[in-house]
Amino acid sequence: MNRRGQNLAGPLGGSGMVGRWGASSLIENIQYGTVALSGVTNATTTITSVDITRATVIHLGQSNNWSGGSGAQYSSAYVELTNATTVKAVRNTVGGIDCNVNFAVIQFCPGILRSVQTGSVTINSGLTNTATVTTVNTDKSLLIYLGLQSNAAVDGTGYERLSLTNATTIAGTRHDTTGGGIPTVTFRSEEHTSEL
């Protein structure tokens, strides 16, 4: 005898009931694409229209044709969802280098996201810096790395990692200050509904 899994209350109450087996997805649709940075510091690509209040863009990495070694200023870029149909990628310096940035745009079903905040952390000096966001529930919040823009020619100063350190603070940290590079990491903070 087959037994159906327990129904769980979804973010929309009774209308959002989701079964454990054969469950409806919390994601409405996903689009994948590439932004090509060829001879430019920024470029855009067009996607099928989404509701930006419940859609997010994910940085899926980048590739480039540069064989010169270190150089975040040429090869690193961030992505952003600038409006309902446009994804933009930005880097610091052209330098004759082509850079292709892959992304995914995920549109959630209504009621999944409670709040969405986008920002950046720039490290002008030292090893760390922070950005402040409106208070979130850290148990229900997802910090998404959207990539970075940097003027650094030395990797240790040109890259930084992110962490959600408390309900209002996102910290960026880099490895060292050799070479004096200034990296800026772009992020998206999403707080999901407590029913998930």
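1. Let's start with Arg114: with a relative accessibility of 46%, this residue counts as partly exposed. The cut-offs here are under 20% relative accessible area for buried and over 50% for exposed, with partly exposed in between (1.4 Å probe, protein chains only). Arg114 has a salt-bridge partner, Glu191, and their closest N and O atoms are 3.8 Å apart. To count as a salt bridge, a side-chain nitrogen of Lys or Arg has to be within 4 Å of a carboxyl oxygen of Asp or Glu. Arg114 sits in strand 9 (residues 113-122) and Glu191 in strand 14 (residues 183-192), so this pair ties together parts that are 77 residues apart in sequence. Glu191 counts as buried because its relative accessibility is 8%.

2. A word on what you're looking at. This is a predicted model, where local features need pLDDT of at least 70 and side-chain atom pairs count only at pLDDT 80 or more, while totals for chains, interfaces and linings use all residues. Residues are numbered from 1 along each chain as its sequence is written, and side-chain values use heavy atoms, with hydrogens and water left out.

3. Now the overall picture. The protein has two helices and 14 strands. Both kinds of element are DSSP runs, numbered from the N terminus: helices are H or I with at least four residues, strands are E with at least two. Of the 196 residues, 40% are buried. The accessible surface comes to about 9,800 Å², and carbon and sulfur atoms account for 48% of that. Such areas come from the Shrake-Rupley method with a 1.4 Å probe, and for residues only the protein chains shown count as cover.

4. What about contacts along the sequence? Take the contacts between residues at least 6 apart in sequence: 73% of them join residues at least 24 apart. Contact here means heavy atoms within 4.5 Å.

5. How many salt bridges does a search of the whole structure find? It finds four. Besides the Arg114 and Glu191 pair, there is one between the side chains of Glu190 and Arg188, at 3.0 Å from N to O. Both of those residues are buried.

6. Asp51 and Arg54 also meet through their side chains in a salt bridge, 3.3 Å from N to O. Together with Glu28, they are linked in a network of salt bridges. Is Arg54 buried or exposed? Arg54 counts as buried, since its relative accessibility is 17%, whereas Asp51, at 30%, counts as partly exposed.

7. Stay with Arg54 for a moment. You'll find this residue in the loop between strand 4 (42-46) and strand 5 (55-64). Leaving out residues up to four places away in sequence, Arg54 touches Glu28, Ile106, Gln107, Phe108, Cys109, Pro110 and Leu113.

8. Val136 is another loop residue to look up, between strand 10 and strand 11 (141-150). Its relative accessible area is 6%, so Val136 is buried. Val136 and Glu190 are 54 residues apart in sequence, yet their C-alpha atoms are 8.6 Å apart in space.

9. Gly95 belongs to the loop between strand 7 (86-91) and strand 8 (98-108). With 47% relative accessibility, Gly95 counts as partly exposed.

10. Three strands make an open sheet in the order 10-13-12, with antiparallel pairing. Two strands pair if DSSP finds at least two bridges between them. Strand 10 (128-132) and strand 12 (161-166) are the edge strands, each pairing on one side only. Strand 12 and strand 13 (residues 169-173) run antiparallel and are joined by five bridges. For Leu162, the bridge partner in strand 13 is Gly172.

11. Last, the surface. Ile27, Ile30, Tyr32 and Leu60 form a nonpolar patch with about 390 Å² of accessible area together. Patch residues need over 30% relative accessible area and no salt bridge; like charges are joined within 9 Å, nonpolar side chains (Val, Leu, Ile, Met, Phe, Trp, Tyr) within 5 Å. Strand 3 (residues 27-38) gives the most to this patch, with three residues. Ile30 lies in strand 3 and is partly exposed, with a relative accessible area of 39%.
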